[in-house]
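The following note is intended for a colleague who is meeting this structure for the first time. Please read the numbered points alongside the sequence and the model.

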Amino acid sequence: LDKVILITGAGGSIGSELCQQLIILGVSKIILVDNSEYNLYEIEKKLKSITSSSKTEKKIITCLNSIQNYASINNLFKLHEPDIVYHVAAFKHVNMIENNIINAIENNFLASCNLIDLAVKYKSEEFILVSTDKAVEPTSIMGSTKRMAETYIQVISQSNPSTKLSIVRFGNVINSS
């Protein structure tokens, strides 16, 4: 896979598994974005241990950052021009989000819109939004913010023929981060 892949939420439970599978498949360059220093450190260490036995050179780039930092994320896209973007980062804990509505909207919806727009702007081949089953007829702020991001990606995909925009929904993951 001679592709540049960017993964937001790379240190979380879903993101880290995705990173490991992509490295095993042989992706040549992977950009890990996470706002948790510890999680980012752990997934980088894990990926380097996987690649140390490989004869193929793989480039692992870590970016300790929030997806809400538009300027920094824009610079990542500008610098690396990712072919594929997996947007896994999100605030996911329903009870916490109910008490932090503005932060949830900023992170799960507005930052997602920015990432989608950047993928289109920098002509990424593909953008995959990892969503949740709670976006189906949402009854919580978390489900609502993810549904709004899904709706945005559907609207943009109708007017954008160059970047393939996709949504995948996951159910509850025990002990997820």
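1. Arginine 169 is partly exposed, with a relative accessible area of 38%; here buried means under 20% relative accessible area, exposed over 50%, and partly exposed in between, with a 1.4 Å probe and protein chains only. Arginine 169 forms a salt bridge with glutamate 150, and the closest N and O atoms are 2.6 Å apart. A salt bridge is a side-chain nitrogen of Lys or Arg within 4 Å of a carboxyl oxygen of Asp or Glu. Because arginine 169 belongs to strand S6 (residues 164–170) and glutamate 150 to helix H6, the pair ties together parts that are 19 residues apart in sequence. Glutamate 150 is buried, at a relative accessible area of 1%. Salt bridges with shared partners join Arg147, Glu150 and Arg169 into one network.

2. A word on the basis of these values. The model is predicted, so local features need pLDDT of at least 70 and side-chain atom pairs count only at pLDDT 80 or more, while totals for chains, interfaces and linings use all residues. Residues are numbered from 1 along each chain as its sequence is written, and side-chain values use heavy atoms, with hydrogens and water left out. Helices (H or I, at least four residues) and strands (E, at least two) are DSSP runs, numbered from the N terminus.

3. The whole structure contains six salt bridges. One of them links lysine 45 to glutamate 42, with 3.4 Å between the closest N and O atoms. Both residues lie in helix H2 (residues 37–51), three residues apart, which is about one turn of the helix. An α-helix has 3.6 residues a turn, so residues three or four places apart point the same way. Lysine 45 is partly exposed at 42% relative accessibility, and glutamate 42 is partly exposed at 26%.

4. Aspartate 133 and lysine 134 also meet through their side chains in a salt bridge, at 3.9 Å from N to O. Aspartate 133 counts as partly exposed, at 37% relative accessibility, and lysine 134 counts as partly exposed, at 24%.

5. Lysine 29 deserves a separate comment. This residue lies in strand S2 (residues 29–34). Lysine 29 is buried yet has no salt bridge, and the nearest side chain of opposite charge, that of glutamate 81, is 8.7 Å away. Apart from neighbours within four places in sequence, lysine 29 is in contact (heavy atoms within 4.5 Å) with Lys3, Val4, Ile5, Lys59, Ile61 and His80.

6. S1 and S2 pair in the parallel sense over five bridges; two strands pair if DSSP finds at least two bridges between them. Isoleucine 7 has leucine 32 in S2 as its bridge partner.

7. Helix H5 (residues 101–121) has 21 residues and reaches 29 Å from its first C-alpha to its last, close to the expected 30 Å. The expected span is 1.5 Å times one less than the number of residues. H5 has a kink of about 25° centred on leucine 110, where the bend is the angle between axes fitted to the seven residues ending at a residue and the seven starting there. Buried residues of H5 include Asn107, Phe109, Cys113 and Leu118.

8. Alanine 119 lies in helix H5 and is buried, at 0% relative accessibility. Not counting residues up to four places away in sequence, alanine 119 touches Phe77, Ser124, Phe127 and Thr163.

9. Some backbone angles call for attention. Glutamate 81, in the loop between helix H3 (70–80) and strand S4 (84–87), has a positive phi of about 40° although it is not a glycine. Glutamate 137 has a positive phi near 45° and is found in the loop between strand S5 (126–132) and helix H6 (141–159). Glutamate 137 is exposed, with a relative accessible area of 71%. Lysine 123, which follows H5, has a positive phi near 60°.

Conventions. Lys, Arg positive; Asp, Glu negative; His and termini not counted.
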